[in-house]
Each structure stands twice: as C-alpha cells, then as structure tokens.
Amino acid sequence: MTTTSAPAGTAPPVRSVPPDRWVRNPWLSFLGRRLVRLLVSLAVLVTLAFLMIHLIPGDPVRAALGLNAPADLVEARRESLGLNDPIAVQYVNYLRGMFSGDLGVSMTSGVPVADTIGARLPATAGLAVSAFVVVMSVSIPLGLFMAVLTRGGRRRGAELGFTSTSAVVSAIPEFMLGVGLVFVFGVTLGWLPVAGRGGASSYILPVLALSMGPALLMARIVRVEALSVLGQDFVRTARAKRLPPRRVYLRHAFPNALTSTLTIGGLLLSGMIVGTVLVENVFAWPGMGMTIVQSILAKDYPLVQGIVLVYGSAVLLVNLVVDVMLAVVDPRSTIREG
Amino acid sequence: MRLEHWRSALKSPVGAASASLLAVLAVLAVVAPMIWGDAANETNPAALSQGRSAEHLLGTDALGRDIALRVLVATRYSLGLALLATSIAVLVGLVLGVLPAVLGRRGSRFVTAAVNLAVAFPALLLALFFAVIFGVGAQGAVLAIGFAGAPSFARLVQTNVAAVAGRDYVAAARVAGVGRTRLVLRHLLPNAGEPLVVNATVMAGTALLAFAGLSFLGIGVQPPAYDWGRLLGEGLDRIYINPAASLAPGVAVVLAGLAFTLLGEAIAQVVGIRTARRRMPEVRPEAQVASSSAAAVRDTPATDAVLDVRDLRVGFAGRDGWTYPVDGVSLTVWPGETVGIVGESGSGKSLTALAVARLAPDDAAVSATRLDVNGTSLLDRGDAEVRKLLGTSVAMVFQDPMTSFNPSMRVGAQLAEVTRTHEGRSRRDALSRAVDRLRKVHIPSPQRRARQYPHEYSGGMRQRAMIGMGLMSEPALIIADEPTTALDVTVQRQVLRLLRDVQRDTGAAVLLISHDIAVVSQMCERIIVMYAGRVVEELPVDRLAEAAHPYTRALLGSVPDMTTDREKPLVTIPGRPPEPADRPPGCAFAPRCGFADELCGTTPELEDAGPRQRAACWHPRTEAIPPVAQAGVGERS
Ligand code: SF4
C-alpha cells in the first residue's frame with residue numbers, strides 16, 4: 001500500500017527491469033491516467049459553463065435587463081461582457097481569465113464573481129463536510145452493527161424495521177426533511193435556530209437534514225456488504241483462528257466491505273455537495289446555494305457560471321479521491337483495470 | 001409473463017399499497033381541479049394568512065386562499081409535470097443508450113464517454129445547469145429535469161442492452177443479417193424491457209421530488225400557477241404562523257414520490273430473482289447444545305482422546321421442518337493418529353468437521369451427547385470459552401486456499417495474528433514466528449513472502465501457508481477439510497507430503513476430510529466412511545481390501561478414475577446421494593445398493609465386521625475385492 005512512496009524498490013522484480021521503470025510502475029501510471037481523466041472532465045466542464053450563456057435562446061443580456069431596457073444600455077452591457085466578440089475569442093478570453101482567477105463580474109452587483117464565491121464557499125463547504133462526517137460516523141457502525149445483529153437470518157423483525165425505515169427516510173428529499181426538522185425542533189419545540197449561520201447550534205438542523213437520508217442509505221449498503229463478507233471463507237478462517245468477534249468483524253470482515261462502501265460514499269458526498277443548494281434555501285444558509293438560486297432568478301449569468309464551475313469541480317475532485325482510495329483498498333482490481 | 005409479473009407485484013403488500021395510493025392520486029389529478037379549481041383560486045381579503053379553522057382545514061395563504069384545496073388541486077400539475085419530465089428523460093435516455101449499439105465504433109465510444117461523464121455529476125447540478133439554459137418556469141424545469149435524468153437512464157439502457165446482446169438469439173439475428181437498428185428495436189430493447197420499466201417507475205418518483213425542489217427554489221412553476229413545491233416554498237415563510245401550510249404539500253410530495261419508488265421496487269422484486277428466504281430456526285444452536293448435554297453420557301469416557309464426539313447432529317430449519325445433513329455421527333481421534341473421513345459431496349463430512357470445531361454456520365443447530373476436545377467438554381460452553389480452549393489446540397485447513405485468506409491483509413500478519421491473540425506476543429515476535437513457520441512449510445524467501453498479499457501467492461503456496469498458520473501454536477489436532485481438492489495433482493502431492501511431515505514433526509493428530517478415498521488411504525491410518533449424514537463404515541487402512549459396506553466398495557471402485565468430478569454421482573454407483581430432506585427410511589444407501597432387500601428398510605447400526613472394523617450394513621460383504629479396484633489404494637508411500 002505504501003508503494004507510491006518508493007516506486008522502484010517495491011515493484012515485484014518479476015520482469016527484467018526496463019530502463020523507463022518508473023513509467024511502468026502501476027501506481028504511477030494509474031495516477032497518471034486518473035489525472036488525465038480529471039483534466040479532460042474539467043475541460044468539458046469549463047467549456048460547458050462557458051457555452052451555457054450562449055446556449056440560452058435569445059439575447060441573455062436583453063433577458064437579464066428586461067424587455068423595456070433601452071437598446072443602448074443592452075448594447076453597452078453586451079460590449080462590456082465581451083459578447084460581441086467572435087465566439088472563439090470569447091472562449092480564449094474566458095480561459096485566460098480563469099487561469100488568473102478571474103471568473104467575470106456579476107451582472108447585478110458588479111462584484112467580481114470570484115469574490116462572491118470566496119465569501120460564500122466556506123459556509124457551503126462547512127455544511128457539506130460536517131454532513132459527510134456525520135454520515136460516515138453514523139452509517140458505518142450502524143450498518144456493521146445491523147449486519148452482525150441480523151447475520152444468518154437472525155432477528156427478522158429488526159431487519160425488516162431497519163430496512164423499511166431506512167428505505168423510507170432515504171427516499172425523502174433533504175429539503176423536505178429540512179422542513180420537517182424546522183417544524184419539530186424550531187416551531188414546536190423551539191430548541192434550535194432554524195435560519196442563518198451562527199454558532200454551532202445553527203449547524204445542527206441543516207446538517208441533520210442533509211445527512212439523515214444518506215446516512216441511512218449508506219448504513220443499508222454497509223449492512224448488505226458486511227453480510228456478504230461475513231459469509232465468505234476467510235471470515236470462517238478468522239473464526240477458526242479463534243479470534244475475538246470484535247477482531248473478526250473489524251479487522252477481517254469490514255475492510256473487505258470497504259470497496260462498495262467507498263464507491264457509494266463518493267456518490268453520496270457529491271450528491272450532498274449539490275444537495276446543499278436546497279438545504280441552504282430551507283435554512284437561509286448564506287452559502288453558494290442561496291447565491292446560485294438568486295442569480296438564476298436574476299439572470300446573473302456570470303455568477304451562475306462561476307458557481308456551477310465550483311460545484312462541478314468539487315464533484316470531480318471527490319470522484320478522483322474516491323478512485324484513488326479504492327485503488328489503495330483494493331490494488332488488484334482497480335489499478336490494472338484503469 | 002409480463003402481465004403476470006405486474007399482477008403479482010400488485011399483490012405484495014408494498015406493491016398493493018403503493019399502487020392504490022397512485023390510483024387515488026390519479027383520480028385526484030383528474031377530478032380535483034374540476035371540482036375545486038375555482039374555489040382554490042378564490043382570494044379572501046377577510047381571511048389572510050389564517051391558521052387552521054373549521055372553514056379552512058389547513059388555514060389560508062397570504063391572499064386568503066384555502067390551502068387544503070390548493071394542495072388537492074395541485075395534484076394534477078405536480079404529477080403531470082413530473083410525468084412529462086420522466087418521459088423526456090426516458091426518451092432521451094433510450095436514444096442515448098441505444099446509440100452506441102447502432103453507431104460505429106468511434107461514435108459509440110463518444111456517446112458512452114459523454115454519458116459516463118454526465119452520470120458523474122449529481123442530477124440536481126445538471127438540472128440547475130439546464131434550468132439556466134431553458135429558463136425559469138414550468139417548461140424550463142420540465143426540460144431541465146428531463147435532460148438531467150437522461151444520462152443515468154441512458155447508462156441503464158446501455159448495460160441492459162449489452163447484457164441481452166450476448167444471448168444466442170441476438171447472435172442468430174445478427175448472423176441472419178438483421179440490420180443494426182432493427183436488431184436494437186426488435187431484439188434488444190424488448191428483452192431488456194423489464195428493468196427499464198422498473199427504473200422508469202422509480203424515476204417518476206425522483207422526478208416528482210426534483211420538480212418539487214425546483215419549484216420550492218422558485219425556479220420551477222411560477223405564479224399564478226402552483227404545484228406542491230411552490231406551495232411548500234410559500235408555506236415555509238409562514239411556518240411559525242401556520243405549519244400546515246408547508247407540511248401538507250410536503251407530505252403530499254413525499255407520499256407521491258414514495259408511491260412511485262415503492263411500486264418500482266415491488267415490481268423489481270417480482271421480476272428479479274426471487275430469493276427464498278430461510279426462516280429462523282426455532283431453536284438456537286446454543287440452546288440445543290446446552291440441553292442435549294443434559295442427556296446421559298452413555299458411552300464410557302475416552303479421556304485421553306484428542307477428539308471424542310458422540311451422536312453429533314447438525315440441523316437446518318427448512319421450508320417444511322428440520323433437515324439433518326449430519327445425523328448422529330460418533331467418532332474418536334487418538335493423539336498423533338491420522339483419521340480420514342471420506343464420502344461423496346452431501347455426505348455431511350465437511351459439516352461434521354466444522355461442527356466439531358464449533359464453526360458450523362450461524363443458522364445451523366448443532367447437538368451432541370458428547371463433544372470433547374483434549375479431554376475437555378465443549379458442550380455447555382460459551383463462545384469466549386470455546387475460543388480459549390480451541391485457540392491453540394485445534395488448527396483448521398480449508399478447502400479453497402484462494403478464498404480462505406483475507407485478501408486485504410498481508411499473509412504474515414494473518415499468521416502472526418494467531419500468536420498475538422492467543423499468546424499476547426508483540427507484533428514483532430509474532431511476525432518472526434510467522435516467518436519461521438512459513439519457512440517450515442517450504443515457502444521460499446519467507447521474509448519477503450510474509451509481507452505479500454494472498455493474491456501474490458500461488459494456490460499451492462497459499463495452502464502451505466494455511467498449514468503454516470495452523471502451526472503458529474502447537475495444535476493437538478489439525479482438521480483439514482478437503483485440503484487438496486482445489487489444487488492440481490502435483491501440488492496436491494506436495495501439500496499431502498507437507499501435512500504428513502508436519503504430523504510427524506509435531507505429533508499432532510490429523511482429521512482429514514476428503515471425497516477421494518485414494519488421498520485418504522495414502523495419508524491415514526484409519527478411515528471413516530460417511531453416507532447421507534451417517535457413518536457407514538469405520539476401518540483401518542490395511543483392511544480396505546476387506547471393506548464390508550457396499551458403499552465403501554463402490555468408493556474404492558471409483559478410485560482409478562482420477563478425474564472424477566466430486567460434484568457428479570460416482571460413475572460406478574448409479575444414482576446420487578439423497579438430499580437430507582428426502583432420505584429413505586432405513587439404510588439411506590438402499591436405492592443405489594445392489595444387495596438391498598426388505599431388511600434394509602430398517603436402519604442398520606454400526607457393528608463389528610472384522611478386527612477394529614465396524615460397518616452399518618445388514619449384508620456386509622466378505623468376498624475379496626478385485627485387484628483392479630485396489631490400484632493406488634492402501635499403500636502408504
Ligand atoms: S444395509 Fe442393505 S441397502 Fe444398506 S448397504 Fe447394506 S445391503 Fe445395501
């Protein structure tokens with residue numbers, strides 16, 4: 001697993017050593033392939049974000065300023081946005097701007113998009129990351145516990161209760177859960193703040209809304225995976241070694257259930273990153289999600305473009321991290337297959 | 001077929017509930033706007049933003065309109081828009097999914113890559129992206145959600161079509177010169193249809209929720225039109241005044257969404273492989289072991305035996321009552337002795353070995369009147385105690401070395417674990433012992449090998465490492481369950497030789513389980529023959545030529561054919577062993593036995609048939625076995 005740090009020394013000396021040995025190192029070429037894939041995806045993402053404004057039927061500036069806006073104002077705005085240049089020139093300018101950290105200027109406020117994003121990103125990231133931590137720290141123990149509890153067809157009642165509860169809760173979208181939580185903890189009990197971002201207590205409801213569904217879904221998957229691992233031969237071997245159950249489950253069964261846990265975990269995380277959009281709007285959370293909705297409604301296209309780029313890149317990054325972690329957990333299958 | 005599937009899906013409780021909910025919603029969608037459409041739009045300046053009252057069940061909104069009526073009326077718009085978006089997703093997804101099968105190589109690669117990239121992004125992000133392009137409003141939102149759902153549906157179509165594409169009739173159609181497009185439309189899609197229908201149903205639920213989301217954000221339906229999402233958003237602003245205003249539309253959305261999703265899952269369950277679930281055994285194994293230990297111990301105690309088992313039964317709860325794959329087995333293994341258990345698959349020999357080591361599956365009910373290891377009874381003992389007792393005294397070697405090692409743990413660590421757990425040694429101590437044991441079982445460069453993962457070992461090496469694992473402590477008994485079956489012939493010999501060396505060096509007793517009487521007779525001093533969960537004969541290896549039980553003789557007759565597949569019935573014996581559930585009364589071998597008569601309808605007991613030889617047969621054989629059948633048997637090399 002630590003082979004990345006010492007590529008030359010740990011490669012099994014099976015073949016005669018080629019001169020360009022570091023290129024052949026499976027880890028490096030795997031990482032290389034993944035980076036290339038990430039770059040291609042990013043390029044596609046940037047291009048789509050750029051094209052977005054051009055794909056809008058009609059004149060986006062006219063749409064943004066309203067039908068009654070004077071023609072010369074529209075024209076001036078088109079000019080300032082560079083929309084009158086040939087599309088190739090616009091694209092090059094867009095890319096150039098992006099590499100220097102310039103994502104354009106908001107059409108409504110005149111503030112640079114990068115500044116707005118910089119101000120809003122921490123709130124969103126804080127929400128997504130805390131929710132993810134909650135999901136992982138609840139779902140894995142819960143799933144394992146349920147697997148051990150219901151192994152070999154035991155405790156059918158508990159199994160049924162667990163699977164149906166988790167199925168129902170994880171089918172409710174996060175913003176509905178949010179409304180429900182606001183009602184219970186804000187309106188009825190009055191325990192917790194329901195809007196805005198303040199101290200730690202302001203995190204509780206949004207994080208709960210964002211993490212409940214994914215946590216239960218994940219717990220279900222962990223359970224199913226763990227159950228199938230528990231039935232495998234090497235778990236019997238571990239039992240034959242008379243290891244204490246804790247060790248059998250945590251050291252032998254669970255690591256081998258990680259592969260799909262990770263895959264699903266990655267999917268859930270990228271879903272949660274974007275899910276913040278809805279949750280932020282339920283809880284008036286001052287993050288990018290509030291901003292993107294406001295700017296979509298105000299037809300502030302540069303700002304929308306910028307935020308879509310940030311969400312998209314975050315998702316791609318998560319995917320890359322998951323791929324690499326999968327390769328670490330299960331080097332055989334992932335690295336070879338590329 | 002299809003209709004039947006739907007019908008039985010609707011019969012399951014979940015299916016029935018979700019389908020009837022959908023039916024109610026459909027009726028509401030048609031009827032509600034006709035009856036209450038106008039009333040729901042009636043503003044009432046005298047009753048602005050009221051709470052619940054007799055007149056307004058769920059209160060009124062900011063313009064004094066009745067919320068209950070608005071929620072009912074919104075059914076049509078909410079469902080309609082969701083279904084519209086779903087059909088766009090399905091249509092676009094079908095086209096994208098089928099294209100790779102129709103296009104040339106390049107084109108199909110491109111489409112697949114594009115779909116894969118799009119699937120990597122959460123649907124909500126795609127929906128927001130498309131919402132910008134198609135504009136704010138109901139129409140834009142329908143298109144946005146439709147296009148956002150298309151990639152995942154396309155992916156589904158691709159995999160399902162690919163799964164069908166490999167089948168024979170598709171190949172036949174191809175050979176017959178059917179064009180690509182026609183092939184897809186006539187042959188591939190219809191046969192990949194069921195999972196697609198299921199997923200389209202589930203997708204309708206997702207679309208409904210997504211639409212509610214967009215409308216809630218203000219990007220979807222625009223006033224004066226309203227759907228559930230819109231009502232929810234408007235209600236949320238006044239949740240302190242009138243919670244019902246946001247909760248009611250929320251509940252409607254969730255119910256409708258769940259109805260679609262659950263209906264989809266109900267159909268999927270019917271269409272998919274119906275896994276017959278095992279019911280819980282009514283008696284827990286522990287309980288049975290405990291209760292049976294109360295039974296009197298009839299036989300004289302064999303205190304210095306390594307293993308002493310009396311009347312071992314292993315049962316499983318089946319559909320119609322209990323079955324006993326192991327049905328009253330008694331056996332004794334003395335220190336340093338090598339005993340073989342032989343029988344066809346299904347004879348219960350492996351389960352016997354597992355049960356003796358207290359490793360039977362979780363749902364097995366194990367009972368015995370005696371289960372002594374090293375002179376200590378295992379009956380009546382908890383798991384922790386058993387672990388302590390057996391941890392250092394019984395080693396196991398399993399059939400498939402490929403799957404019996406933990407794939408994600410280094411081999412050395414897996415060996416060292418034994419010592420660390422049972423002797424509390426440090427990691428380093430334990431690891432150096434592991435290296436030593438690997439050397440002992442002839443693993444070359446054990447130092448390096450210990451740091452490798454099981455998949456880096458060859459099959460034979462893995463099995464030797466498994467034996468090495470058993471030697472981490474000083475076992476009094478090594479139970480080897482088909483240790484050579486998964487290996488090829490030359491490796492088999494190495495492993496057997498190793499087992500014999502180990503036994504000679506350590507003085508451990510070995511219980512060798514095998515389907516192959518040749519293997520057993522090379523290795524063992526004493527042979528126990530099992531058939532249908534019982535011991536049918538027990539004899540020293542040098543008396544094999546005088547085997548008394550017809551089944552033992554039949555096994556011997558099958559020896560020359562080294563390629564015999566153990567899953568197949570023996571060539572020399574017509575028929576196959578009976579399933580535990582339908583064993584005939586009396587001698588279980590009778591249906592396949594050439595000597596059976598009426599007497600064999602009662603169960604024969606093990607009785608002496610020669611010096612140290614016992615057989616359970618009414619008509620034990622005494623005539624000499626033809627020498628051909630003895631080839632390769634009986635000589636210990
Ligand atoms: S008891 Fe009867 S049927 Fe059974 S093996 Fe002996 S002779 Fe055959």
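## A walk through chains A and B

A salt bridge here is a side-chain nitrogen of Lys or Arg within 4 Å of a carboxyl oxygen of Asp or Glu, and accessible areas come from the Shrake-Rupley method with a 1.4 Å probe, where for residues only the protein chains shown count as cover.

Before going on, keep in mind that this is a predicted model: local features need pLDDT of at least 70, side-chain atom pairs count only at pLDDT 80 or more, and totals for chains, interfaces and linings use all residues. Residues are numbered from 1 along each chain as its sequence is written, chains are lettered from A and ligands numbered from 1 in the order in which they are written, and side-chain values use heavy atoms, leaving out hydrogens and water.

Back to chain A. A:Val36 sits in helix H3, residues 26–55, and the chain as a whole has 16 helices and 0 strands. Helices (H or I, at least four residues) and strands (E, at least two) are DSSP runs, numbered from the N terminus. Of the 338 residues in chain A, 44% are buried, meaning under 20% relative accessible area, with exposed being over 50% and partly exposed in between (1.4 Å probe, protein chains only). The accessible surface of chain A comes to about 15200 Å², and 68% of that belongs to carbon and sulfur atoms.

Chain B is where to look for strands. Take E1(B), residues 307–318: this strand is mostly covered, with 9 of its 12 residues buried. E1(B) runs antiparallel to strand E2 (residues 321–333) of chain B, joined by 9 bridges; two strands count as paired if DSSP finds at least two bridges between them. These two form a hairpin with 2 residues between them. Follow B:Val314 and you'll find B:Val326 opposite in E2(B), and B:Val366 opposite in E4(B).

E1(B) also meets E5(B), again antiparallel, through 4 bridges. There, B:Val309 has B:Leu371 as its bridge partner, and B:Asp308 has B:Asp372. Which way do the residues of E5(B) point? B:Arg370 and B:Asp372 go one way, B:Leu371 and B:Val373 the other, and all are buried. E5(B) then forms a hairpin with E6(B), with 2 residues between them, and B:Asn374 in the turn has a positive phi of about 55 degrees.

Elsewhere in chain B, 8 strands form an open sheet with mixed pairing, in the order E7-E8-E9-E3-E10-E11-E13-E12. At its edges are E7 (394–397) and E12 (607–610), each pairing on one side only. The twist averages 25 degrees from one strand to the next. Inside this sheet, E10(B) and E11(B) pair in the antiparallel sense over 6 bridges, with B:Val529 opposite B:Glu537.

Helices cover this sheet too. Helix H20 (residues 489–506) of chain B packs on the sheet, touching E3, E8 and E9, and its direction makes about 170 degrees with that of E8(B). Contact means heavy atoms within 4.5 Å, while axes are lines fitted to C-alpha atoms, for helices over the stretch in contact, and angles run from 0 to 180 degrees between N-to-C directions.
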